[in-house]
Amino acid sequence: MAVPFADLQLQYQTIKNEIDAAIAGVIGDNAFIRGAYVDDFEREFAKAVSVRHCVSCANGTDALYLAMAALKLKPGDEVITTAHSWISTSAMITHAGATVRFCDTDGVTFTIDPAAIEEAITPRTVGIIPVHLYGQPADMDAIMAIASKHSLWVIEDCAQAHLARYKGQMVGTFGVAATYSFYPGKNLGGMGDGGAVVTNDEALAEWVTMLARHGGLVKHQHHIEGINSRLDGMQAAILSAKLPHLAGWTKARQSAAAFYDAALKQVNDVQVPQVLPGRDHVYHLYTIKHARRDALAKCLNAKGIQTSINYPTALPFLPAYRRFEHTVEQFPHACADQTSILSLPMFAEISRAQQEEVVRAIREF
Ligand SMILES: *Cc1c(COP(=O)(O)O)cnc(C)c1O
């Protein structure tokens, strides 16, 4: 039996009527850009993630850019982020006008190491962007304590962590703002691109809105030079149709992860994801470590089991960051992980039979 990495078609089939009705509604109302569907989704998503304001935008990358641009970064400002993420996190620091400072991960959770943050702080540091990678919250108590001690802002990159909680508190509510992606494969995904900035700060929400809408809140009144970054009506309606299912899908992912954990813990050489106490992991990805990762991936793929490497190269070592001349010694955990991590098939609808197939293939290897 072939096992896909994710199965968006299957998810669509389970809620086909709701999605089709949402799309038909947008077409019938000519509500392609802005309008009630977008306003409704923003309100519903803010409620779902326990924040006051949600400003939707074109994708999760723009969300990071908009959140930082709204904080008015200056050349020379330094922003700290993790060595292990998708490139949007660090690239948007540069595009917002600041300088990226990478920190190693903690060696356990794949998230930023608070001790490394302390070491990376300079008089020019203005903010920290933790990423709740794969769906596990970063160490927010430690990160918020450092931020408060040094008067830094925190923007949480929640692109992989919809509904994840840290000590019972929803991620995205710790820092001054948080960003989400609704890329189709994310835990809450549209049928195209989408993103959002969420915040409890009304003035910041207004500034993000202006930046995302050509620099103004009212047509033809451009107070600043903004960009054009919109969640379109179709995506908003689709996301609103999916949102009521998100909690159930999250539980299904957690239960699939528990099944993998129990089965794979008994397999020599496989290290299952480590979840620290107080952290509710939402398993955007189920990522194991294995010393012979490439051979294992090849063996699984030959059996029709799709896997993925998230991500093959730690950010500091991408050609885009050659200018920093980083060394392996600066990022021992992120560097070691890039050769051993492997993400297994994980989606809310994955069947136990599919998971058993994955486990059997790993055992055979
Ligand atoms: C997906 C992702 C983004 C970017 O989101 P897009 O919607 O693809 O632009 C940013 N950060 C992380 C950690 C992501 O996983």
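The C-alpha centres of domain 1 and domain 2 lie 23 Å apart. Domain 1 covers residues 8-244 and domain 2 covers residues 245-364, with bounds that come from an automatic or database domain assignment. The model is predicted, and local features need pLDDT of at least 70, side-chain atom pairs count only at pLDDT 80 or more, and totals for chains, interfaces and linings use all residues. Residues are numbered from 1 along each chain as its sequence is written, while side-chain values use heavy atoms, with hydrogens and water left out.

**The interface.** Domain 1 brings 48 residues to the contact and domain 2 brings 39 residues, where contact means heavy atoms within 4.5 Å. About 3,700 Å² is buried between domain 1 and domain 2, and carbon and sulfur atoms give 61% of this area; buried area is the accessible area (1.4 Å probe) that two parts lose on being put together, summed over both. On the side of domain 1, Phe-102, Tyr-134 and Asn-187 lose the most area to domain 2, together 20% of what that side buries.

Between the two domains, 24 residue pairs are in polar contact, both residues being at pLDDT 80 or more; such a contact is a pair of N or O atoms within 3.5 Å, one able to donate a hydrogen and the other to accept it within protein, and residues adjacent in sequence count only if both atoms are side-chain atoms. The side of domain 1 that touches domain 2 draws at least two residues from each of several elements, including α1 (8-14), α5 (88-95) and β3 (99-103), and β3 gives the most, with four residues. Helices (H or I, at least four residues) and strands (E, at least two) are DSSP runs, numbered from the N terminus.

**Salt bridges.** A salt bridge is a side-chain nitrogen of Lys or Arg within 4 Å of a carboxyl oxygen of Asp or Glu. Three of them are listed here.

| Salt bridge | Distance, N to O |
|---|---|
| Arg-43 and Asp-40 | 3.1 Å |
| Lys-74 and Asp-77 | 3.7 Å |
| Arg-360 and Glu-357 | 3.1 Å |

Arg-43 and Asp-40 both lie in helix α3 (residues 36-48), three residues apart, about one turn of the helix. Arg-43 is exposed at 54% relative accessibility, and Asp-40 is partly exposed at 29%; buried means under 20% relative accessible area, exposed over 50%, and partly exposed in between (1.4 Å probe, protein chains only). Asp-77 is buried, at 9%.
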